[in-house]
Amino acid sequence: MKVGAVVAGLALAAFHHVAGQSLPPGAETVPKCTSISVRKEIRTLTSVEWSTYTNAVEKAVSDGWINWFGFLHQKIEKGIHANAQFFLAHRNLMADYETILRGYDPNVVLPYWNTGMDFQNPTASPVLTDRFLGGNGTANGGCVADGLGKGWAFTYPKRQCLRRKYGESRSISRWYPPEFVTSILQTSKTHNEIRMGIENSLHGVVHLSVGGNMNTMYSPTDAIFWPHHGNIDRLYSQWQAADHATRDFMYDGVNRDGSPATLNDTIAYTFTRAYELMRLGYGKLCYTYDTIQEANGDVGTLLSKNLDTRGAPAVAGKCRHRDSSPAKPVSAETQTLQGLSRAVVQKHFPGLAGKANPMESDMRSPSSLHPPSAGGDAYVAVPVPNEALRGKMEYPMTLTDDFIKMMHLCPEEVRALEARARKLVDDLNAENYLSPYMT
Ligand SMILES: [Cu+2]
């Protein structure tokens with residue numbers, strides 16, 4: 001295990017204390033981490049990192065840990081969904097899971113899955129293949145038969161295999177595009193807003209549409225659960241990192257019982273207080289995300305920026321490769337900006353209209369999914385947006401009433417968010433926009 005797995009010291013720069021930030025009571029006692037691991041997008045792991053992770057996960061499965069997390073999640077589900085504790089409780093769950101995996105191999109770092117990048121055609125994602133997490137349940141009435149998850153079996157809530165049933169009663173169709181996620185990141189001003197914006201949209205559709213175990217309250221039994229929630233935590237962490245002084249300890253909304261959320265609240269199933277789980281780089285949260293590092297510019301060489309070859313739309317008569325130096329990369333944000341009117345940018349991406357904060361964007365260049373050339377697998381081909389799809393972004397799928405009930409979500413809030421997503425898609429299509437992720 002070497003490159004990018006555990007970057008001590010270097011990464012600590014990402015957590016420089018913001019001058020003038022006052023700590024809430026108790027928070028000053030939460031110790032700063034002495035080393036930080038970097039959670040990476042699952043497609044960018046080297047083969048060594050991937051096998052380190054999967055070997056530990058397989059051991060945790062056979063020792064019953066995944067079964068346990070499925071049981072635990074179901075037992076505490078009411079306390080940790082559709083209320084203020086959603087981000088912190090799942091963040092804590094993942095930290096505990098990572099600790100258990102490190103008992104098998106101290107080099108384990110949880111990966112995340114940026115599902116937004118696959119919004120256009122989720123089931124075609126390389127992540128849902130034998131190379132990574134495996135695909136739909138095809139064996140013995142829906143058991144997962146390839147990838148991580150193949151052959152998994154549990155005793156909770158009954159003796160059964162790991163099941164997936166794409167789409168459950170409907171088709172998976174589309175997930176939420178990075179453009180929508182970016183809009184949520186740029187317009188949410190309170191903890192409750194960002195929580196609703198994420199939980200009620202991409203969090204839900206991935207659970208529902210993968211189906212099987214993922215569409216239950218013992219969903220941690222699916223190998224997909226952990227990288228999916230890693231992504232949820234990454235987005236929340238980026239949102240916090242966009243304004244450390246205000247958001248590191250911003251906590252509001254209500255608890256399960258309707259009481260106002262406070263930093264002194266105990267997180268469901270733990271003796272841990274909310275203030276202990278707010279800040280990456282402190283206490284048990286000794287990690288960051290590759291996107292946060294990149295945006296901070298702390299490890300500019302971690303992912304080579306020069307791999308972006310998509311560039312701007314081709315213009316006749318211009319030679320982009322006169323010399324040996326590569327064409328100047330055009331970021332996904334730039335492409336979005338170039339493709340839209342100022343009015344639409346101001347409406348949906350206020351953060352891009354002014355001085356863009358890279359933390360409040362999920363428009364990561366798809367080509368940055370290339371692993372670093374040294375020791376990387378160069379698994380993912382450079383995607384090229386498909387001109388034929390210009391102006392043809394489709395609506396994200398909606399949640400079912402059953403799923404909304406299971407997750408205790410507020411139907412009106414979910415439907416309002418879904419309508420907002422459709423409005424965004426309409427506005428982008430009206431300007432003939434082509435998402436860099438539509439390939
Ligand atoms: Cu959950």
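Residues are numbered from 1 along each chain as its sequence is written, and side-chain values use heavy atoms, with hydrogens and water left out. Because the model is predicted, local features need pLDDT of at least 70 and side-chain atom pairs count only at pLDDT 80 or more, whereas totals for chains, interfaces and linings use all residues.

**Overall make-up**

The protein has 13 helices and 6 strands; these are DSSP runs numbered from the N terminus, with helices being H or I of at least four residues and strands E of at least two. Of the 439 residues, 58% are buried. Buried means under 20% relative accessible area, exposed over 50%, and partly exposed in between (1.4 Å probe, protein chains only). Among contacts (heavy atoms within 4.5 Å) with a separation of 6 or more, 76% join residues 24 or more positions apart.

**Copper site**

Three histidines supply the protein donors of the copper ion: H73, H81 and H90, each through NE2, at 2.0 to 2.1 Å. Donors are N, O and S atoms within 2.8 Å of the metal (3.2 Å for Na, K and Ca); water is not among the atoms, so sites may look incomplete. Along the chain the donors follow the spacing H-x7-H-x8-H. H73 and H81 are both buried.

**Helix α3**

Helix α3 spans residues 86–104. Its 19 residues reach 28 Å from the first C-alpha to the last, close to the expected 27 Å, where the expected span is 1.5 Å times one less than the number of residues. The helix is mostly covered, with 14 of its 19 residues buried.

**Salt bridges**

The structure holds 19 salt bridges, each a side-chain nitrogen of Lys or Arg within 4 Å of a carboxyl oxygen of Asp or Glu. Three of them are tabulated.

| Pair | N to O distance |
|---|---|
| K78 and E77 | 3.9 Å |
| D362 and R234 | 2.8 Å |
| E360 and R247 | 3.0 Å |

The salt bridge between D362 and R234 starts from the loop between α11 (350–353) and α12 (401–406), where D362 lies, and ends in helix α6 (residues 225–241), which holds R234, so the pair ties together parts that are 128 residues apart in sequence. Both D362 and R234 are buried.

E360 and R247 also form a salt bridge. E360 lies in the loop between α11 and α12 and R247 in helix α7 (residues 244–247), so this pair ties together parts that are 113 residues apart in sequence. Both E360 and R247 are buried.

A network of salt bridges links R39, R91, E98, R102 and D233.

**T270**

T270 is placed in the loop between α7 and β6 (287–289) and is buried, with a relative accessible area of 12%. A polar atom of the T270 side chain lies 2.7 Å from the backbone oxygen of I267. The T270 side chain also reaches the backbone nitrogen of T272, at 2.9 Å.

Technical notes. Polar contact = N/O pair within 3.5 Å; in protein donor to acceptor, adjacent residues only side chain to side chain.
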